[in-house]
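Q: Hi, I have a structure to get through today. Can we walk through it together?

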Amino acid sequence: MTVNWAEADKLHLELLRKAIDNPQYAEEAKRHLLSLIYQESLDGASPTHRFKSLIDAGLLKQEAFELLSKFE
């Protein structure tokens with residue numbers, strides 16, 4: 001999935017405008033932005049595959065993969 005950042009920026013801006021009256025909108029903007037970053041970073045790869053590549057690169061410990069396996 002390719003993220004349309006121009007549309008996402010518009011949505012985040014609108015949510016932040018509404019956050020002036022209701023701070024919960026700021027939390028929603030943050031959640032949405034983080035989910036888009038997560039989706040783009042995975043780039044279609046399964047979490048298992050992504051975790052293995054991060055372990056191979058030395059960025060995560062093997063224990064992280066073992067923990068993920070318990071939730072699948």
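A: Accessible areas here come from the Shrake-Rupley method with a 1.4 Å probe, and for residues only the protein chains shown count as cover. By that method, the accessible surface of the protein chain comes to about 5,700 Å². Carbon and sulfur atoms hold 58% of the accessible surface.

Q: What should I know about the model before I read on?

A: This is a predicted model: local features need pLDDT of at least 70, side-chain atom pairs count only at pLDDT 80 or more, and totals for chains, interfaces and linings use all residues. Residues are numbered from 1 along each chain as its sequence is written, and side-chain values use heavy atoms, with hydrogens and water left out.

Q: OK. How many helices and strands are there in the protein chain?

A: Four helices and zero strands. Along the sequence the pattern reads α-α-α-α. Helices (H or I, at least four residues) and strands (E, at least two) are DSSP runs, numbered from the N terminus.

Q: And what percentage of the residues count as buried?

A: 17% of the 72 residues. Buried means under 20% relative accessible area, exposed means over 50%, and partly exposed is in between (1.4 Å probe, protein chains only).

Q: Switching to charges. How many salt bridges does the count come to?

A: Four. A salt bridge is a side-chain nitrogen of Lys or Arg within 4 Å of a carboxyl oxygen of Asp or Glu.

Q: Why would such side chains pair?

A: Side chains of opposite charge can pair when their charged atoms come close.

Q: Which residue does K10 meet in a salt bridge?

A: E7, at 3.5 Å from N to O. Both lie in helix α1 (residues 5–18), three residues apart, which is about one turn of the helix. K10 is exposed, because its relative accessibility is 54%. E7 has 44%, so E7 counts as partly exposed.

Q: What about E14?

A: The side chain of E14 meets R17 in a salt bridge, 3.7 Å from N to O. E14 and R17 are three residues apart in helix α1, so about one helical turn separates them. E14 is partly exposed, because its relative accessible area is 36%.

Q: Which residue does E27 form a salt bridge with?

A: K30, with the closest N and O atoms 3.3 Å apart. They sit in helix α2 (residues 24–42), three residues apart, so about one helical turn lies between them. E27 has 36% relative accessibility and is partly exposed. K30 is also partly exposed, at 44%.

Q: New topic: H12. Buried or exposed?

A: Buried, because its relative accessible area is 9%. H12 is in helix α1.

Q: What does H12 touch, leaving out residues up to four places away in sequence?

A: A29, H32, L33 and L36. A contact means heavy atoms within 4.5 Å.

Q: L33 came up there. Which residues make a nonpolar surface patch with L33?

A: L34 and I37, and the patch is about 250 Å². Patches are made of residues with over 30% relative accessible area and no salt bridge: like charges are joined within 9 Å, nonpolar side chains (Val, Leu, Ile, Met, Phe, Trp, Tyr) within 5 Å. L34 is in helix α2. L34 counts as exposed, because its relative accessibility is 51%.

Q: Last one: where does H49 lie?

A: In helix α3 (residues 47–56). H49 is exposed, with a relative accessible area of 52%. H49 and F65 are 16 residues apart in sequence and 9.8 Å apart in space, C-alpha to C-alpha.
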